[in-house]
Amino acid sequence: MKNKALYTGSFDPLTNGHMDIITRAARLYDELVIGVVVNPSKRSMFSLEEREEMIRKATECLPNVTVDHFSGLLADYVNAGGFDSVIRGLRATTDFEYEIQMAQMNARLYQGHVETVFLMTNPNYSFLSSSMIKEVHSLGGSIDGLVPEIILEYMDEKNKA
Ligand code: COA
């Protein structure tokens, strides 16, 4: 039977920190779905369609990775999709408190056996967040090496508009 994992987030935008987790998770599972969350309360720079398109392009070299989106409860999407694992990246100890709460709440909501699997972020990217990337880029700072090339192109385009 195939092992299927979900890696979820807002990805506004996808960073090299996310790419590191995606690349490593894609080696561990037969199928990896990137689930872009539809969160109406979070104002995003990129539309859902743009975020999905950007992730598809950035991950096209990974044949077992697909991109999807969901709204509402993560656990509902996981239960409906027949996932074995939900992948989370841990950047620093500060992520731990939030992540353990979320993993434990979700564990109550999952039907069947679904594991939350934590991958330690590559230290090169442990300080990164999408908000920081957006702020530095909008103020003219360099984000070279912190996002995939294709994401930088989308960001340059968006900031020109
Ligand atoms: N590298 C770089 N940045 C990273 C990262 C990594 N490896 N991992 C996380 N980040 C960044 C993200 O880009 C994000 O930055 P931002 O806040 O500036 O946008 C920040 O760290 C937080 O990431 P994350 O915790 O993944 O938040 P999110 O908003 O991207 O996604 C969900 C949150 C989708 C996991 C969560 O809100 C959810 O499950 N929602 C569904 C509703 C639900 O079920 N709620 C009940 C949960 S118990």
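**Entry 1: the fold**

What pattern does the protein follow when read along the sequence? I read β-α-β-α-β-α-β-α-β-α-α. The secondary structure comes to 6 helices and 5 strands. A reminder to myself: this is a predicted model.

**Entry 2: overall dimensions**

I looked up the radius of gyration next and found 15 Å, which agrees with the value near 15 Å that a compact globule of 161 residues would have. Along the principal axes, the C-alpha atoms fill a box of roughly 50 × 30 × 30 Å. Buried residues make up 45% of the 161 residues. I also checked contacts with a separation of 6 or more: residues 24 or more positions apart account for 76% of them. The accessible surface comes to about 9100 Å², and carbon and sulfur atoms hold 52% of that.

**Entry 3: salt bridges**

How many salt bridges does a search of the whole structure find? My search gave 8, and I noted down a few.

One of them joins the side chains of Lys-134 and Asp-12, at 2.8 Å from N to O. This pair links distant parts of the chain, with Lys-134 in helix α5 (residues 130–138) and Asp-12 in the loop between β1 (4–9) and α1 (16–28), 122 residues apart. Is Asp-12 buried or exposed? Asp-12 counts as buried, because its relative accessibility is 6%.

Another pairs Glu-50 with Lys-158, whose closest N and O atoms are 3.1 Å apart. Here too distant parts of the chain are linked: Glu-50 sits in helix α2 (residues 48–58) and Lys-158 in helix α6 (residues 149–160), 108 residues apart. Glu-50 has 25% relative accessibility, so I logged Glu-50 as partly exposed. Lys-158 is partly exposed as well, at 28%.

I also wrote down Arg-91 with Asp-95, whose side chains meet at 3.0 Å, N to O. Arg-91 is partly exposed, with a relative accessible area of 38%. Asp-95 counts as buried, because its relative accessibility is 12%.

**Entry 4: helix α5**

I went back to α5, the helix that holds Lys-134. Which residues of α5 are buried? I found Ser-130, Ile-133, Lys-134 and His-137. They cover an arc of only 95° around the axis, so they lie on the same side of α5. What covers the buried residues of α5? The cover includes α1 and α6. Just after α5, I noticed Gly-140 with a positive phi of about 90°.

**Entry 5: a nonpolar patch**

Which residues make a nonpolar surface patch of about 260 Å²? They are Leu-73, Met-105 and Leu-109. Leu-109 lies in helix α4, which covers residues 93–109. I logged Leu-109 as partly exposed, because its relative accessibility is 34%.

Methods. Residues are numbered from 1 along each chain as its sequence is written. This is a predicted model: local features need pLDDT of at least 70, side-chain atom pairs count only at pLDDT 80 or more; totals for chains, interfaces and linings use all residues. Side-chain values use heavy atoms; hydrogens and water are left out. Patches are made of residues with over 30% relative accessible area and no salt bridge: like charges are joined within 9 Å, nonpolar side chains (Val, Leu, Ile, Met, Phe, Trp, Tyr) within 5 Å. Accessible areas come from the Shrake-Rupley method with a 1.4 Å probe; for residues, only the protein chains shown count as cover. A salt bridge is a side-chain nitrogen of Lys or Arg within 4 Å of a carboxyl oxygen of Asp or Glu. Helices (H or I, at least four residues) and strands (E, at least two) are DSSP runs, numbered from the N terminus. Buried means under 20% relative accessible area, exposed over 50%, partly exposed in between (1.4 Å probe, protein chains only). The radius of gyration is taken over C-alpha atoms; the globule rule is 2.2 Å times the number of residues to the power 0.38. Contact means heavy atoms within 4.5 Å. The arc is that of the directions from the helix axis to the C-beta atoms.
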